[in-house]
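User: I am new to reading protein models. Could you take me through one, feature by feature?

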Amino acid sequence: MNAPQPTTATMTQQRPAPANGDFTTALKDAGLATLVTFGLSIPILSFRTDQSQANELYLRPRWGLVLVACALVFALRFVLRLYGVRWAAARQVARSRKEAIRTTTEKPRGLAHRLLALAVPVFLGVALAFPLLSYFAAGGLTESRYWVDLGILILTYVMLGWGLNIVVGLAGLLDLGYVAFYAVGAYSYALLSTTFGLSFWICLPVAGILAAFWGILLGFPVLRLRGDYLAIVTLAFGEIIRLVLINWVELTNGGAGITSIPRVSFFGVPFTNEEGGFASLFGLEFSPMHRVIFLYYLILGLALLTNFVTLRLRRLPVGRAWEALREDEIACRSLGINTRNTKLTAFALGAMFGGIAGSFFAVRQGFVSPESFNFLESATILAIVVLGGMGSQVGVAVAAVLMVGGPEMLRNLGFLKAVFGEGFDPNEYRLLLFGLAMVAMMVWRPRGLISHREPSVALGVRKAISGALVKEGHG
Amino acid sequence: MRWLDDPILDMQHLTMRFGGLVAVNDLSFKAARGDITALIGPNGAGKTTVFNCITGFYKPTEGMLSLRHVDGASFLLERLPGHSIAWKAKVARTFQNIRLFSGMTVLENLLVAQHNPLMIASGFTFLGVLGLPSYTKAERAAMDKAKYWLDKTGLLARADDPAGDLPYGAQRRLEIARAMCTEPVLLCLDEPAAGLNPRESHELNELLLSVRKDHATSILLIEHDMSVVMEISDHVVVLDYGTKIADGTPAEVKHDQKVIAAYLGVDDRDVEKVEAEVGV
Ligand SMILES: Nc1ncnc2c1ncn2[C@@H]1O[C@H](COP(=O)(O)OP(=O)(O)OP(=O)(O)O)[C@@H](O)[C@H]1O
Ligand SMILES: [Mg+2]
């Protein structure tokens, strides 16, 4: 093979040459993998604890299962080693050829791009019509409750993702404690409404401002740290807030949480089955679903507000400074940008949207407790941002749908029972599937679903910037 | 000497130590307003460290750096916070290893450089969110300035391309354009000709000369390429191991025994012998 490109030439050289050697190395490799599998299966697979008739626990050996697992791993690994390597090399060659062609021709706007242009109106349309769609799909107002609730949950995460996207995606500050601001917002509403009787519509902005205030308070000492150090300190901050909520019993009622938080009203009109309630005012038959649907549109509006503000700020000097900060902090300083203040604005703004989402959470649940604000929550929101492609609004929305809606869909895979037997519960495998999906993402789309960046301004046509050039920030 | 009369930058007894290492040792010199002052010296002489002190990335161990504007305003650079040096004292710089915002377009790079005036025009974002005409006008002016510099550096055709996609020489020019968008009175260039081919290097000379002529910007230049240094600079300061060993016009410095010795890496006394050997 005398390939013209240097890349292909090196590729062919790297390939293990003699087929005979291939065979033995594959055999060795497969043997090693089998050994590892065997080692792992001793604590995991080989025994199962069962209960006997007399309610006693006993160990049931399952060596057959171990054997099957080992044989499977051996066969798979062997085949993969023998053919997989060749296949991967061939693919690599094909890809480098394709890339060489692509750089010579003017970068075409790919299918993905055109899909993306379509995605926004489709998403918006579906989001707006969602309660109606689920009404028809479920065949009734009360029956559609599950779907609308799911929609609300997804939209909450979309909003949180968009809020965190300002901090992580635009400014490049890795914040592992975002849930702290969510908690501040939720408790702000819970406390203000239960102690002072303030209405939700007053508390909503107040919660946002309080969260932003906490963001600045945290940001001042913390933002001189960079990268991993920043991540660790924000992580700790998230935990501190949660621990304060648990332990400051006089204020927060500790782990028991705050109950009977006032419900949302239709701009002052309560959703009750009485004279002067929402239903009677509009001449409708009373249904608790009115409130749920209102909550749906409320969170949709709040999420879109977050999106609007973010998109708007990206085109203003402050947004450009955030992105510049993510690209190169030292260069920013040399251009006279006050990096500390710029980071603080990003942090505070992200916190504000987190706080607003938090007070929405409180009004929807009618109950808040520290349990809802654990690290897993922060991790989920961060995963949404990273999965979506840092900085991409559409990507974050898609990722939120996948991350929140996806596991929920597992509940509905009843037909799998027919395949795997009655005892099979797909829900038990959600973390496994989740892990698999994450690994797959890292392999195929390490920069997230939508990795390219849209420039904020252009003289001629706006050209998307490849994700390979965009930095992820390190502080 | 001209640079003693109306210096834009007056550096006195600058010393910078890193632990036991003295990177800059009691360096004093003046750079005249409107001059191109070159700072040269062998590798590791401490040139970049001097720049880092001027632009606030390092706090000098000792010494004073005073900068005076035409209107008489004067600044003690070692006391200003980093970002004020660019914004208030109007000192801009480029970096030895290029630092562009590579994931942003060329145009965006130049708009980021005009952050502070745009920030004020946008009412610290609050008015900008509303899209008031005063901000739109300021943004248009910023775009015009960006276009002017793109035109001057020959990058106008690539305005919408990501900065990271530009070839090396163009990235160097873009970094200068970006620094110029901050309207500096003093522009510090750290090896702007490194890695340029002779034609690009010639274009760079033209660009720097026009910057000085048309924009009332004085230039402080670190450069290893002697063709650039000798051709365009008015005043040369030579550093070796952090100490100033010569200070004068290019012609004077060129024939200075100490400078030749430092560049050839030999003792003062052996210069003639070595020169004869290498045939200078
Ligand atoms: N932050 C730092 N910490 C410790 N030592 C440093 C630091 N910065 C510079 N130095 C040391 O100071 C000395 C001068 O370095 P400097 O980068 O200023 O040299 P230079 O003249 O710019 O060299 P070159 O021509 O190679 O760019 C070197 O010995 C370098 O190792
Ligand atoms: Mg240097």
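Analyst: Start at one spot: just after helix α14 of chain A, Gly366(A) takes a positive phi of about 75°. Helices here are DSSP runs of H or I with at least four residues, strands are runs of E with at least two, and both are numbered from the N terminus. This is a predicted model, so local features need pLDDT of at least 70, side-chain atom pairs count only at pLDDT 80 or more, and totals for chains, interfaces and linings use all residues. Residues are numbered from 1 along each chain as its sequence is written, chains are lettered from A and ligands numbered from 1 in the order in which they are written, and side-chain values use heavy atoms, with hydrogens and water left out.

User: How many residues does α14(A) have, and how far does it reach?

Analyst: The expected span of a helix is 1.5 Å times one less than its number of residues. Helix α14(A) covers residues 339–365, which is 27 residues. From first C-alpha to last it reaches 39 Å, close to the expected 39 Å.

User: Where is Lys463(A), and what does it touch?

Analyst: Lys463(A) sits in the segment after α18 (430–444) of chain A. It is partly exposed, with a relative accessible area of 33%. Contact means heavy atoms within 4.5 Å. Leaving out residues up to four places away in sequence, Lys463(A) touches Arg453(A), Pro455(A), Asp160(B) and Asp161(B).

User: Two of those names belong to chain B. How is the area between the chains described?

Analyst: The size of an interface is often given as the accessible area lost when the parts come together. Buried area here is what two parts lose on being put together, summed over both (1.4 Å probe). Between chain B and chain A it is about 3,400 Å², with 64% from carbon and sulfur atoms. In chain B, Phe57(B), His83(B) and Asp160(B) lose the most area to chain A, together 17% of what that side buries. By contact, 43 residues of chain B meet 35 of chain A.

User: How is chain B divided?

Analyst: Domain bounds come from an automatic or database domain assignment. Chain B has domain 1 (2–90 + 184–278) and domain 2 (104–182). Their C-alpha centres lie 28 Å apart. The two domains bury about 1,400 Å² between them, 69% of it on carbon and sulfur atoms. Trp87(B), Pro184(B) and Leu207(B) supply 35% of the area that domain 1 buries against domain 2, more than any other three residues.

User: In what order do the strands of the chain B sheet run?

Analyst: Two strands pair if DSSP finds at least two bridges between them. Six strands form an open, mixed sheet in the order β6-β7-β8-β3-β9-β10 (chain B). At the edges, β6 (91–93) and β10 (243–248) of chain B each have a single partner strand, so one side of each is left without a neighbour in the sheet.

User: Which way do β7 and β8 of chain B run?

Analyst: Strands β7 (186–190) and β8 (218–222) of chain B run parallel, joined by five bridges. Within them, Leu189(B) stands opposite Leu221(B).

Notes
Buried < 20%, exposed > 50% of the residue type's maximum accessible area, 1.4 Å probe, protein only.
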